[in-house]
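Visitor: Can you walk me through this one? I'd like to start with how the chains meet.

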Amino acid sequence: MISGRAHALRITVWLVVASEGLLFAGLFALYAGYRAEYPRGFAEGVGLAVGWLGGTNTLVLLTSSFAMAAAIQAGPRAARRWLVGVLGLGGVFLGLKGAEWAIHIGDGLVPGAHYAGPHTPGTALFVTLYYAMTGLHALHLVAGLAMVAWARRREDPAVTECVGIYWHFVDLVWVVLWPLFYLLS
Amino acid sequence: MSEPTAPPPSFWTEPRGVRTWLATTDHKRIAILFFVGTALALMLGGTFALILRVELVVPDHGIVGAHAYDKLFTHHGIVMVWMFMIPAIPGVFGNFLVPLMIGANELAFPRLNRASFWVYATGACITLAALIGGGVDTGWTFYTPYSTTTPTAVAVVCVGVFVLGISSVMTGLNFIVTVHTRRAPSVPWMKLPLFVWTIYATSIILVLATPVLGLSLALVGADHVWHLGLFDPAAGGDPVLFQHLFWFYSHPAVYIMVLPAMGVVSEVVSTFAHNRPASYGGIVVATIGIALVGFFTWGHHMFVAGMSMFDTGMFGALSMFVAVFSAIKMFAWVITFYRGRVVLAAPVLYVFTFLFLFLFGGMTGVAVATSSLDVHWHDTYFIVAHFHFIMVGATLTAYLAALHYWFPKLTGRRYSEVWARRAAVAVALGFVGTFLPQFLLGNAGMPRRYYAYPEEWQWLHVASTCGAGLLALGLGTTLVYLGVALRRGPPSGDDPWQSRGFEWRTPSPPPAVAFSAPPVWERDAYSYEDEVP
Amino acid sequence: MDDLLRRALMLPPRASSAAAGLDHLHYVVLGCALAVALVLFGLLGWFVVRFRDRPGHARVRPGARSRRFEVGLAAVTLAVFVTLWIGGFAQLRAMRTPGPNALEVYVVAKQWMWSFVYPDGTAAEDELRVPVGQPVELLLTSRDVIHSFYVPAFRLKQDAVPGRMTSLAFTATEAGTYDILCAEYCGAGHSRMRGRVIALPAADYARWLVAHDAPDLARAGARLAHERGCLRCHDVRAVAPPLLGIYGRPVPLADGSTAIADAAYLTESLMDPAAKVHAGYAATMPSYLGQLSAADTAALVEYIREARP
Ligand code: HEM
Ligand SMILES: [Cu+2]
Ligand SMILES: [Cu+2]
């Protein structure tokens, strides 16, 4: 018999995942709509991506998910160490992401009135969506890092498990974002 | 004159002090805070509405200018939808009653509940600040590209409504977890009071639909500030995509407003008919059905926006399914009176008004889902009347029914039944008087959001404004006699209506901690069988 | 009877082929609503009176629930609603299908007026003339925000969406003058964005066609653009860049450079479209070299220049 609190936490985290899932779904719908309308502009947009940074980040996040899984499997003591790993990898991801944004901004790929990228119809929309979607994802990652830090302090297996579910979700969103913004040209 | 006796200790007085109220995590006190918030919102939104109605008494050049008029109807919609109707029943009665109805002392996350009220208050303040310091003129629907290009305070309002949305998600999440984990052992799922079922279904919508609203408003706000052009054709964007996002939230949102109202009606009908609801199972299925199918009907708001025939057909057909679920409830409520012991009192008068508004609101919904007819009615006063009947009328009358039905539960006092009946009649006549002429105006072809209109429609507008005056009078009266009853009403006893509902099995008003141990309820919340010889 | 109902419901006079069918379906739906209301509220009233609490009221045990009855009731309701839906959908299909040889008129909405461009290049503001009895197809778009073209007497409306082309088909049946209203909120002038449809008997319409002013250069260009089918591609964004408002603007080219859409550029685009291709569009435009006289070319360029928002 699971404790009432663990049960409550588990329902909560799945509800949060569902809610956030719909938040991203709205953006995915926009992406799909505009990609269907401007296939060339979007393909050109993908061509602007810094492929190796995106790929590295995918590896980083996948590794962090493994560390998370290990933390859930491990006993409370070992979990603390694995969670440090998760925190570190999350930090690396954000650092790389920041570098990537800096490169793009340097190239004049800024959304809105000061956009100075290619004028193929749709590319400016692609760039806007790139910032919106990777930015929203990064915000979720920051929230995830806060939760991981909290789980590490709590040393409660139920908390660790729930934070893990959220972390895997954030990871999963990236695994969808990655092809959309780096691969499908 | 007898001295008023000191009321027994209850959640009102323990613990004492304003500070304890502001920092409270007690679901009953949070309910009262939400009552204050939503009642203020209702008054503010009502004031905007009265100005609009007075303006429309003359065909042109009334008391305000065209631009002020545009802001007023926008403010009216925003305040009424996000500050009154969405939080009204879940925030007040859901908070107060759900724990009492499932035998719990608390929601699953009391501090999250407190946060949800203060986030609501913050969102309301941001929104109001934007409305006062400039205002917005987009309509509550924020259609692009008008909303991204108008030089009004769109971005700040988007932030405010976004914050209000966060409060919604918190409330919804808390209710779902509470119903899953806090039910007393004697309250299994299929013994849940119907009101709890509707709050549960509403919460699902709150959690799943609100993020999409948040997203669309965030994008509109960002677009307004940074000219992203996401929905602006000049930059390659598509304004109709915004409508899809907006209605993906806002159609389910109409059920956020009306489902809890339906829950109230189920409770009131059963209590005043002294009868088990006809078809508990049918009502539960219809409740969940509405919540789920309601996610797939949003396109019926866009029949003339250039949608394909296929989409038009699908969205029309799915809307009909939702209508069937609503009809099932309607039948069940009426049949519940059969072979009952019917007591007429103010709450049930409000429920009669609800049934009238709901039936004609629902059937006009069917009428506009009959897609060809919508071509004439879309964006006319007919639509305004449709959704005021079904969404506003139903929510408002159910809110008033709930307020009168549970007033003794909340306060332990009785109000003047005579005045309550007078007010109920005034509200009924006032509401129908306001919106019946608007159906006709819609038939005649008067588009909504019109500041000026051809003279031949003036008499209908005058009639509508008279109705609004009567409605305001009824609501004002309610405020007065309920205020009096709050201070000086005679004690009501724990269960003045002889209801079998779980919530009436605690003292009225309940003490700060309602249950010292999980209650053991042998008979369910609708067990009126013992009245039958 | 029909007319009495129409007036009682405040419906405007009917002036299009769609109106009568719509009104009749309207009566059917209203009839259903009233019938249901009568039955339900009749029952409710009866129950409330018959079973009200009073001295000596003896309670009777309610009959057992019958699932067959409940499911049956729901099924009948669904059947009624679905029947209405089928009726409405079939009607909508018919309404949306333009009749044979429809007269095409371009409608451009902007804050806060309607402009109409006829196939022969005639342009008019806020006044649409159509022949009675001839099918008409309006092709609508907007220059700024969303508007909605609404003629209550026709029972028809259609949003005019910027960046998109939508269409509205109708056949006027009664000669007369009818209001055009804007039904989608579009700002402070929304309620004054009114125009008129003037439905003329065919003979009068023909006379008007010849009598109105001789087309000037831009009008001739508009007519040419229509005849040559320019607008078939150029107003549907996905195929070719829209012409309205392009004049004088920088145009991104496929090779990454930018050109200004001036008279020279436009003429070159007409004669040698492959020389400078608008970025993001396939080079599908045919060359009109040798097919357009100098006067025609000038008229087209003038038309594009005038069409600036
Ligand atoms: C009985 C089932 C219902 C059906 C079939 C139905 C159908 C429709 C349709 C087709 C429209 C779009 C009409 C147009 O914009 O031209 C509409 C508008 C609307 N309906 Fe309903 N409806 C139903 C019930 C409800 C309920 C229960 C509510 C609220 C509690 C509601 C609230 C609204 C609102 C708010 C709008 C218009 C909003 C706006 O444009 O500002 N409807 N309805
Ligand atoms: Cu809807
Ligand atoms: Cu308008």
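**Chains, metals and a few residues**

Guide: Chain B and chain A have four residue pairs in polar contact, both residues at pLDDT 80 or more. A polar contact is a pair of N or O atoms within 3.5 Å; within protein, one must be able to donate a hydrogen and the other to accept it, and residues adjacent in sequence count only if both atoms are side-chain atoms. This is a predicted model: local features need pLDDT of at least 70, side-chain atom pairs count only at pLDDT 80 or more, and totals for chains, interfaces and linings use all residues. Residues are numbered from 1 along each chain as its sequence is written, chains are lettered from A and ligands numbered from 1 in the order in which they are written, and side-chain values use heavy atoms, with hydrogens and water left out.

Visitor: Which elements of chain B touch chain A?

Guide: Those giving two or more residues are α6 (154–181), α7 (194–226) and α8 of chain B. The largest share comes from α7(B), with seven residues. Helices (H or I, at least four residues) and strands (E, at least two) are DSSP runs, numbered from the N terminus.

Visitor: What kinds of residues are on that side of chain B?

Guide: It divides into 19 nonpolar, six polar and one charged. Here Ala, Val, Leu, Ile, Met, Phe, Trp, Tyr, Cys and Pro count as nonpolar, Asp, Glu, Lys and Arg as charged, and the others, Gly among them, as polar.

Visitor: How many salt bridges between chain B and chain A?

Guide: Zero, by the rule. The rule asks for a side-chain nitrogen of Lys or Arg within 4 Å of a carboxyl oxygen of Asp or Glu.

Visitor: And how much area do chain B and chain A bury?

Guide: About 2,000 Å², 79% of it on carbon and sulfur atoms. Buried area is the accessible area (1.4 Å probe) that two parts lose on being put together, summed over both.

Visitor: What about chain C and chain B? How much do they bury?

Guide: About 7,100 Å², with 68% on carbon and sulfur atoms. The contact (heavy atoms within 4.5 Å) takes 75 residues from chain C and 95 residues from chain B.

Visitor: How many salt bridges across chain C and chain B?

Guide: Four. One joins the side chains of D238(B) and R164(C) at 3.0 Å, N to O. The elements giving two or more residues on the chain C side are α2 (19–50), α3 (67–96), β7 (156–160) and β9 (176–182) of chain C. Of these, α3(C) gives the most, 16 residues. The chain C side divides into 45 nonpolar, 13 polar and 17 charged residues.

Visitor: Show me a residue at that contact. What does S372(B) touch?

Guide: Leaving aside neighbours within four places in sequence, S372(B) is in contact with L22(C), L25(C), G88(C), Q91(C), L92(C) and M95(C). Its side chain makes a polar contact with the side chain of Q91(C), at 2.6 Å. S372(B) sits in helix α12 (residues 371–377) of chain B.

Visitor: Is S372(B) buried or exposed?

Guide: S372(B) counts as buried, because its relative accessibility is 0%. The cut-offs are under 20% relative accessible area for buried, over 50% for exposed, and partly exposed in between (1.4 Å probe, protein chains only).

Visitor: Switching to metals. What coordinates the copper ion (ligand 2)?

Guide: H251(B) through ND1, H300(B) through NE2 and H301(B) through NE2, at 1.8 to 2.1 Å. Donors are N, O and S atoms within 2.8 Å of the metal (3.2 Å for Na, K and Ca); water is not among the atoms, so sites may look incomplete. The donor spacing along the chain is H-x48-H-H.

Visitor: Where do H251(B) and H300(B) lie?

Guide: H251(B) lies in helix α8 (residues 239–273) of chain B, and H300(B) in the loop between α9 (280–293) and α10 (309–336) of chain B, so the pair ties together parts 49 residues apart in sequence. Both H251(B) and H300(B) are buried.

Visitor: And which protein donor does the iron atom of ligand 1 have?

Guide: Only H386(B), through NE2 at 2.2 Å. H386(B) is in helix α13 (residues 381–411) of chain B. The iron atom of ligand 1 and the copper ion (ligand 2) are 4.5 Å apart.
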